[in-house]
Amino acid sequence: MTEINKVSVASGIQWVDIPGAGLRVLCGCPADAVKHLAKRGLILPHEVNGVACETGPNAILLSDNPLQNGEFANLAEFPVLQMLYKQGLIIPGHPNNTGSKPMLIGSIEQVESQMRYIYRGNYGLVSREEMIQAGTSGEQATQMMRLKLRFAFGRIRPTGDFLDTRSLGEESLELAAGVGLRRVRPNVFEFSFRGETVVVDLNLRPGESYQCAYPLGYHRFKPEYFSVIHSGEGDGWDVNRPCMSSIITHQGRIFLIDAGPRLADTMAALGIGIDQVDAIFHTHAHDDHFAGMTALLRAGRRIRYFATPLVRASTAKKLAALLGVEEERFGDYFETSDLVVDQWNGIEGLEVMPIVSPHPVEANVLVFRTLWGDGYRSYAHFADIVSLDVLEGMVTADAEAPGLDREAFERVRADYMVAADLKKIDIGGGMIHGDAKDFRADPSTQILLAHRASELTPEEKEIGSSAAFGSVDVLVAGQSDELRHLAFGYLRAHLPGVPLHDMRMLVNHPMTEINPGSIILREGESPGEVFLLVSGLVEKLRTRDKLYGSLPVGSLIGGSAMLDNRPSRHTYRASSFVRVLPLPAGLFASVVKRNGLLDRVRRAADLSAFLDTTNLFGDGLQVAVLGRIIDSASEMRFSPGDTVVGHDISVFNIIRSGRVERLVGRRVVDVLQQRDFFGEEAAVFGDPCLFRIHVLEETAVIQIPGEVLRDVPILRWKLFENCQQRAARFAHGCDAAAGIIWNNDLSVHVAHMDLQHKRLIEIANVIAEYLYPGADRSALTNAYDALVEYTRYHFAAEETLMALYHYPDAAGHCLEHTNLLSEVSDCATRVRAGSVFDSAAFLGSFQSWLLRHIDDQDRDYGAFLNARGVY
């Protein structure tokens, strides 16, 4: 009999069952992992001692990489909920509740990140102080915390109360009696039990994506003046449908409502590219409405993010926990705009009113309207809500007790009856979802029932309709050709300065629809037409070189091949219904040449072809971004032995040919070659560069000003990830004698303070590398300046946090900050004056300072904040 059973469930998801140890491990948990398990029969309904529940995993093995190929690799919220509630492992009196907690297994960084993310998924904002910081009044915060505590059964509990954690380091780990687990290499693991072993590989191959658990088909996208596309009617457990969501089109713009799991697949099935999305309206941050946020990071610009301040703060904290960054970074990836509750907020002709929805996390229902005819046409999106029966059970006359008062309950009842031309309602039932019967008397013209996995009951069918995925309700029909308007804008970006009559001539050609799966242009073929991609998704392939990418809308297919009179170097294939504007090759060439744009178009094609071969730019660039790069990029050459300094290290450099080495002091951190890059610290993130670049051979680089790249989320995220990996490699290369090693004993158990302490250690280790006779004085000075500035930033962040929570020892702590900052500043001044410190002495002094400050000061505020739910 086999001791270990392994099942390959889907891309990046495997199942390991060890019956002899009672261990069932979900290996890898990207979005909708639970749905994949259910479809494979690894989660099934059954009974235990007459109690209905489900089978499933009792442990989760996390990916070492938080992101793979641009997608979240670890989203344990719903798998954990399935274990705790649907299996009954946490339910009092349930036969499966034996006191044994489910396990979360992985690297210490990923385990801690998931614990914080699950915590925020359970509760959102966890204190009155966090709500006030987000912008609500003290009285509102008090009432909201009362209701939150009622949903939380009286107490906000740390995730460790529900989950057992096992951190896997370099050594093997015993998970259960006789069950061993070790890491073979990054993201590859070996289970062992009673002499048997199995290997689990959680890596995705280049170009591979996590799979969608349900078929979506292909749908034609047609922008209307005001319409609602139904992009999800299910819930987080529905194995056949996406989670409840909608897409609004208004005057040619596309607005998402929520970002559920598999958002990229949903959009592809509808024939909409991420770059076509104008904004997202966000109701709340539960995973079935949040897990698709990384898909929006793949846009060529910061997508606008509309939510109330409380929802925005809750979302930023959860995303920060998931990605291991500070929550202030949320604004680096989204253009945030706060909505005012209970008021109409105008957004270029579309109005939206958020209404507070009682829920365990901060949530709003949203009502949209646009002026039309003699009044307004409107759509109401009610996700997530709670049934009135459940809510009324929380009513209490005790103003101090968890719950809400009668007046607040009646206000919610009235809000539920807001009339709209079309209204989509969460009827998921249970403790935290709605009930159709609450809307039996709803005055809305049309009601749609959503957010559940099961079929509607006959009683529910009398109350509301259901909508199929991809169906559209047109509230105001469009009379203008929005796609042709978009085509005009895309062509204008490719052909700047072309007179209006030439543009009108090009745009006057008929639009063509291409079916999903069709090859538009094959590698080796010479194009007879140039295709402007107006809507839909197109793959760009050259498998012999392992190049897999996608084109953003607005791209030209075949343009450079036609102008250079050569065959296409790639195959282009429609992966959804696609609309293109075919332009005759001769006509397009004539317009380009007679307007003096041939050199620019060729330069754009050459640069784009090179950038497409890099990991950084391989996902394709929005036409406007590519245009800015072309207009601002320049080429620079360096000779062997050169050191890249000054302006050349303050711009973004991508190596076209040659090799350089990146050093800290005398230590080589890595060797960079064709398609690698450097200079992002200063150019994109505005940080001083702590590294030196030494040229090994004749090297040509493309230099791009940082301001061109800063607002491109996918580039910014990839660059940030690269910086994190480099910092980890540098830290790994340090030993106890040569640098300070971060370990969990230094943690104050407040995540963003730990992140800042790690950054201080990183800078200190860099300084130590420059403390030797003859070292680069400029690099040493830059590093000391960075330490002073980051120390000032860190101390200010600590002081803000202490003030927010009225930490009783804040005055003494702030005085200590003043003294320490003075010490660090004095050292920097002496370095600028020419002093040189001994490396070991500097590290000893810094480590003593840091450890003393953490032990004597920071641990106290950490414990104080932990007691108030801040981790």
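**Aromatic pairs, cores and a sheet**

Phe78 is buried, because its relative accessible area is 14% and the limit for buried is under 20%. This value, like the others here, comes from a predicted model. Trp237 has a relative accessible area of 25% and is therefore partly exposed.

These two residues belong together. Across the whole structure, a search finds 23 aromatic pairs. One of them is formed by Phe78 and Trp237, with 4.8 Å from centre to centre and 55° between the planes, a tilted arrangement. Phe78 is part of helix α2 (residues 77-86), while Trp237 is in the loop between β15 (226-232) and β16 (245-250), so the pair ties together parts that are 159 residues apart in sequence.

Another pair is formed by Phe842 and Phe846. Their ring centres are 6.1 Å apart and their planes meet at 25°, so this pair is stacked. Both residues lie in helix α27 (residues 839-866), 4 residues apart, which is about one turn of the helix. Phe842 counts as buried at 10% relative accessibility, and Phe846 is buried as well, at 5%.

Aromatic rings also occur in a cluster, made up of Phe255, Phe281, Phe306, Phe368 and Tyr379. Elsewhere, charged side chains sit over rings. Arg220 lies over the face of Phe577, 4.2 Å from the ring centre, and Lys318 lies over the face of Phe290, at 4.7 Å from the ring centre.

Next come the nonpolar cores. The largest has 83 residues, and Ile60, Met293, Leu296 and Phe334 are those with the most contacts inside it. Helix α9 (residues 309-323) gives the most to this core, 9 residues. What does Met293 touch, apart from its neighbours within four places in sequence? Met293 is in contact with Ala259, Ile280, His282, Tyr305, Thr315, Phe330 and Phe334.

The last element is a sheet. Strands of a sheet pair through backbone hydrogen bonds, either parallel or antiparallel. Here, 6 strands form an open sheet in the order β21-β22-β23-β24-β25-β26, and the pairing is mixed. The edges are β21 (345-347) and β26 (446-450); each has a single partner strand, so one side of each is left without a neighbour in the sheet. On average, neighbouring strands of this sheet are turned by 25° against each other, direction ignored. Glu351 in β22 is the bridge partner of Gly346.

Key: Residues are numbered from 1 along each chain as its sequence is written. This is a predicted model: local features need pLDDT of at least 70, side-chain atom pairs count only at pLDDT 80 or more; totals for chains, interfaces and linings use all residues. Side-chain values use heavy atoms; hydrogens and water are left out. A nonpolar core is a set of buried Ala, Val, Leu, Ile, Met, Phe, Trp, Tyr and Cys residues joined through side-chain atoms within 4.5 Å. Buried means under 20% relative accessible area, exposed over 50%, partly exposed in between (1.4 Å probe, protein chains only). Helices (H or I, at least four residues) and strands (E, at least two) are DSSP runs, numbered from the N terminus. Contact means heavy atoms within 4.5 Å. Two strands pair if DSSP finds at least two bridges between them. Axes are lines fitted to C-alpha atoms, for helices over the stretch in contact, and angles run from 0 to 180 degrees between N-to-C directions. Rings of Phe, Tyr and Trp (its six-membered ring) pair if their centres lie within 6.5 Å; planes under 30 degrees apart count as stacked, over 60 as edge-to-face and the rest as tilted. A charge sits over a ring if NZ of Lys or CZ of Arg is within 6 Å of the ring centre and within 35 degrees of the ring normal.
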